[in-house]
Amino acid sequence: MAKVFVYPYNSLILSDLVERLGHEPLAIMSEIRKKILTPSLDSPPLNITPEDPKIGLKYAAVEVPSGVRGRMSLLDPLIETAQAAIMVKNPNTSFGCVGCARTNELVNFLLRAKKIPFLELEYPGNEEEGKEFVFQIAQFLKSLEGEK
Amino acid sequence: MTQITKMIVIHSQNILPSDIAMKIYGSKADVMVKETCFGVLITGEQEAVDNLVREIRKLDPYGIFVKERGILPGNPYRCRANRGGGARPGFHQMEYEDSLLPWIGAGLRALEAGEVPRPRAARRKLDVEKLREIAIYGM
């Protein structure tokens, strides 16, 4: 069972397909859960401690918009432990300010630089593309089992 | 043990959220269930939730989709009662992916049946001469 980073990192479809096919999806929701449920942290809204910007500094310098560093501090554990990655090209909902866009590009770059098995594809636009989408993901996840 | 919340999204012609809620109540598992318009949220110990999810998927393997939700139901960081209503973070992603679920379901059926999609011909860019013809002659 491989740990597979999914992008968009809150994707229902990718999380479900990865889990359904026997692997562990690495999605941002698990990190949010830790922030919410960890007993030692109790300040709203996201329980950011002074340690989190320091983790973000590993990826981005101080002059970069703070949203980038904050997001990277959440995504750091996921990127570090990822053994494979599935990324959707240009998802419809990945618009936003420069901070959001730069974070997404940085995540894309970091995962490619890790030299882990990497699948890039687009969201389907019709049923035929849907079949191809699921087939490609299934083939990719099957190849991970072969590598193990 | 880790407490976890999983979101079950239903896109099925046979199953309603209430059917799943009833199944969970009938299982007598030590979990909290919140029924929503799109499915259910289940909160409990990870093992109990994972076992339940495995059983629930069998109701409609091609129409039930599961993902983790980082925040418990009723949590003030998300609850509409505290936030004054409106779309909560993550809604637009869910809304968009919900429109794709029928095709993903079709893809899962095809995968189960062993179908291999036909390789699509690579899209070629329009030739400049062709573009010129279209512009000049309206072909």
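## Chain B at a glance

Of the 139 residues in chain B, 28% count as buried, where buried means that 20 or more other C-beta atoms lie within 10 Å of the residue's own, exposed means 12 or fewer, and partly exposed is in between, with C-beta atoms placed from the backbone. Please keep in mind that this is a predicted model, in which local features need pLDDT of at least 70 and side-chain atom pairs count only at pLDDT 80 or more, while totals for chains, interfaces and linings use all residues.

Chain B holds 5 helices and 4 strands; helices (H or I, at least four residues) and strands (E, at least two) are DSSP runs, numbered from the N terminus. Starting at the N terminus, the order of elements in chain B is β-α-β-β-α-β-α-α-α. Chain B is more spread out than a compact globule, because its radius of gyration of 22 Å is well over the 14 Å that the globule rule gives for 139 residues. That radius is taken over C-alpha atoms, and the rule is 2.2 Å times the number of residues to the power 0.38. Along the principal axes, the C-alpha atoms of chain B fill a box of roughly 70 × 45 × 30 Å.

Strands β2 (residues 31-35) and β3 (residues 39-45) of chain B run antiparallel and are joined by 5 bridges; strands count as paired if DSSP finds at least two bridges between them. A hairpin of 3 residues links β2(B) to β3(B), and B:Lys34 stands opposite B:Leu41 in β3(B). Leaving aside residues up to four places away in sequence, B:Ile42 touches B:Thr5, B:Lys6, B:Ile8, B:Ile24, B:Val31, B:Val33, B:Val49 and B:Leu52. Contact here means that the C-beta atoms of two residues, placed from the backbone, lie within 7 Å. Among the contacts in chain B with a separation of 6 or more, 63% are between residues 24 or more positions apart.

Just after α5(B), B:Gly138 takes a positive phi of about 70°.

## Chain A and its sheet

Chain A has 6 helices and 4 strands, following the pattern β-α-β-α-α-α-β-α-β-α along the sequence. The radius of gyration of chain A is 16 Å, which agrees with a compact globule of 148 residues, for which it would be near 15 Å. The C-alpha trace of chain A spans about 45 × 30 × 25 Å along its principal axes. Of the 148 residues of chain A, 34% count as buried.

The strands of chain A form an open sheet of 4 strands in the order β2-β1-β3-β4, with parallel pairing. Its edge strands, β2 (24-26) and β4 (118-121) of chain A, each pair on one side only. From one strand to the next the twist averages 25°, with axes as lines fitted to C-alpha atoms (for helices over the stretch in contact) and angles running from 0 to 180 degrees between N-to-C directions. Strands β1 (residues 3-7) and β3 (residues 84-88) of chain A pair in the parallel sense over 4 bridges, and A:Val6 stands opposite A:Ile86 in β3(A).

## Where the chains meet

How many residues of chain B are in contact with chain A? There are 29, and they meet 31 residues of chain A. On the side of chain B that touches chain A, β1 (3-10), β4 (64-69) and α4 (91-112) of chain B each supply at least two residues. The most come from α4(B), with 13 residues. By type, that side of chain B divides into 17 nonpolar, 7 polar and 5 charged residues; Ala, Val, Leu, Ile, Met, Phe, Trp, Tyr, Cys and Pro count as nonpolar, Asp, Glu, Lys and Arg as charged, and the others, Gly among them, as polar.

## The largest core

The largest nonpolar core has 61 residues. Such a core is a set of buried Ala, Val, Leu, Ile, Met, Phe, Trp, Tyr and Cys residues joined through C-beta atoms within 7 Å. The residues with the most contacts inside this core are A:Val4, A:Phe5, A:Val6, A:Ala85, B:Ile8 and B:Ile42. Helix α4(B) gives the most to this core, with 7 residues.

Technical notes:
Residues numbered from 1 in each chain as written. Chains lettered and ligands numbered in written order.
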